[in-house]
Amino acid sequence: MADQVSATLTDLGWRHLTIVRGRQEPGQPEEERQVLRSTVLHLSPDALAWAQWTLADEPFHLGELPVAWQISGRPHPDSTVAEWNAYFTAGVPHEALADFLLALDAREDPAVGFDGPGTVLAALTDRGWIRDIDHPNSGAADPGSSSSFMLCLLPPLIQDADPDPEPIGWQAWAEPTFGAPYLWCAAFSASVPHDLVAVFASSLASPSPVLRRVLPEAAEHRLTLIPAS
């Protein structure tokens, strides 16, 4: 996931740097210093968006899974904090994350959105997902109920410029078997433009086949396998 998404960002012309942390005891020779690769940061050409690979940097968890990528946007380069953040654990289909980044890169202003939450649900239902029977205006799931998308109260540590103490944002997750551990989770802070979330949702729900070397055991019986040509 790190290499595939990083390759997408490199192709888009995003600059990148690696922040390296280390540990050195007093009097310890430099060559024996413990070095740990930490956050890998990618910055868009206009400096309005950035992506961080955080898996090696003690990330927080969503659904008991460590966050691997944090994507952020701001209204102008002088902003000291992000307007919004989106979080993706390892296991999120890298194709969906790449499409999200392509849409983000194409925007002149990543911090402003004009579409409402209905655009996300429309993207899902157009792909055959079914609206939540209890929350038809805020949630949907795939026909097999293995993956879900919901506009709901966000968990702690999701950062956003909106100071609302009870932020509402989109969350997505895969749970092929009820009660089993999640395969992956994603969370979008309250200010992420809905049209960007809709791009991720549409890509996630796409029926187009994807290349995989290893299949998740919990989802094998739900997958249609097509030999690679």
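First, the classes: Ala, Val, Leu, Ile, Met, Phe, Trp, Tyr, Cys and Pro count as nonpolar, Asp, Glu, Lys and Arg as charged, and the others, Gly among them, as polar. A pocket is found on a 1 Å grid over the protein atoms alone, as an open set of points where a 1.4 Å probe fits, with protein on both sides within 12 Å along at least five of seven lines; lining residues have an atom within 4 Å of a point.

This is a predicted model, in which totals for linings use all residues, while local features need pLDDT of at least 70 and side-chain atom pairs pLDDT 80 or more. Residues are numbered from 1 along each chain, and side-chain values use heavy atoms, without hydrogens or water.

The largest pocket holds about 1700 Å³, a volume being the space filled by probe spheres set on the points, which are joined across faces, edges and corners. It has 43 lining residues, and Pro93, Ser208, Val210, Arg212 and Leu223 are the closest to its centre. Two elements give two or more residues to this lining: α2 (94-106) and α4 (194-204). Of these, α2 gives the most, four residues. Helices (H or I, at least four residues) and strands (E, at least two) are DSSP runs, numbered from the N terminus. By class, the lining of the largest pocket has 27 nonpolar, nine polar and seven charged residues.

What lines the second largest pocket, and which residues lie nearest its centre? There are 19 lining residues, with Ala141, Ser145, Ser147, Ser148 and Trp173 nearest the centre. The volume of this second largest pocket is about 270 Å³. Strand β9 supplies the largest share of its lining, four residues.
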